[in-house]
Amino acid sequence: INQGNPPADFSLIDNRFVAADDIYAAYTAGKAFIIIDARPGSDYLRSHITGAISIPFYDIKSAAGLLPKDRWIITYCACPHALSGKAADTLKAAGYDKVAILNEGFFYWIDQGYPSESSINSQLKK
């Protein structure tokens with residue numbers, strides 16, 4: 001979760017998707033938004049976007065009331081849209097209007113060399 005000032009509204013593609021490059025620009029600028037990894041928790045443990053929180057698509061409904069509605073929420077998965085799309089749709093149905101899907105998915109993020117980490121590796125180092 002980035003804690004800086006909120007980004008100006010992201011440029012959405014088809015009123016639903018946001019380019020990874022735009023997310024990365026807001027990320028490096030320290031803008032405030034939430035990145036949700038919508039994949040199963042085991043995938044998150046293997047590797048995830050640095051600062052992302054794990055809320056699998058099948059648990060997003062129970063977490064919806066705990067997330068702030070005044071911040072952008074970006075969902076992602078590896079597909080690039082299947083699981084993150086389900087998570088985003090669930091949040092929108094719960095009244096969240098600042099929700100977008102990382103357009104190119106997690107592996108594009110990794111291929112660009114954008115920040116990622118492995119929870120398993122960081123736990124083993126402790």
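In the predicted model, R39 is in contact, leaving aside its neighbours within four places in sequence, with Y44, S47, H48, P56, Y76, C77, A78, L83 and F106. This arginine is placed in the loop between β2 and α2 (41-46), and with a relative accessibility of 5% R39 counts as buried. Two backbone oxygens are reached by the side chain of R39: that of S47 at 2.5 Å, and that of D43 at 3.4 Å.

One of the residues in contact with R39 is C77, a cysteine that counts as buried at 0% relative accessibility. The sulfur of C77 has its closest cysteine sulfur in C79, at 3.7 Å, and this is too far for a bond, because a disulfide requires a pair of cysteine sulfur atoms within 2.5 Å. C79 is likewise in no disulfide, the nearest cysteine sulfur being that of C77, and a search of the whole structure finds zero disulfides. Whereas C77 is buried at 0% relative accessibility, C79 counts as partly exposed, with a value of 47%.

The strands of the model include five that form an open sheet, arranged in the order β1-β6-β5-β2-β4 and paired in parallel. The edges of this sheet are formed by β1 and β4 (53-54), each of which pairs on one side only. Within the sheet, β2 and β5 pair in the parallel sense over five bridges, and the bridge partner of I36 is T75, a residue of β5.

Helix α1 lies across β1, β2, β5 and β6, and runs at about 130° to β2. In this helix, which comprises residues 20-28, the residues A20, I23, A26 and Y27 are buried. These four residues cover an arc of only 125° around the axis, and therefore lie on the same side of α1. Such an arrangement can be read against the geometry of the helix in general: an α-helix has 3.6 residues a turn, so residues three or four places apart point the same way. The cover over the buried residues of α1 includes the strands β1 (17-18), β2 (33-37), β5 (72-76) and β6 (99-102), together with the helix α5 (106-111). After α1 comes G30, a residue whose phi is positive, near 75°.

Definitions and conventions. Residues are numbered from 1 along each chain as its sequence is written. This is a predicted model: local features need pLDDT of at least 70, side-chain atom pairs count only at pLDDT 80 or more; totals for chains, interfaces and linings use all residues. Side-chain values use heavy atoms; hydrogens and water are left out. Buried means under 20% relative accessible area, exposed over 50%, partly exposed in between (1.4 Å probe, protein chains only). Helices (H or I, at least four residues) and strands (E, at least two) are DSSP runs, numbered from the N terminus. The arc is that of the directions from the helix axis to the C-beta atoms. Contact means heavy atoms within 4.5 Å. A polar contact is a pair of N or O atoms within 3.5 Å; within protein, one must be able to donate a hydrogen and the other to accept it, and residues adjacent in sequence count only if both atoms are side-chain atoms. Two strands pair if DSSP finds at least two bridges between them. Axes are lines fitted to C-alpha atoms, for helices over the stretch in contact, and angles run from 0 to 180 degrees between N-to-C directions.
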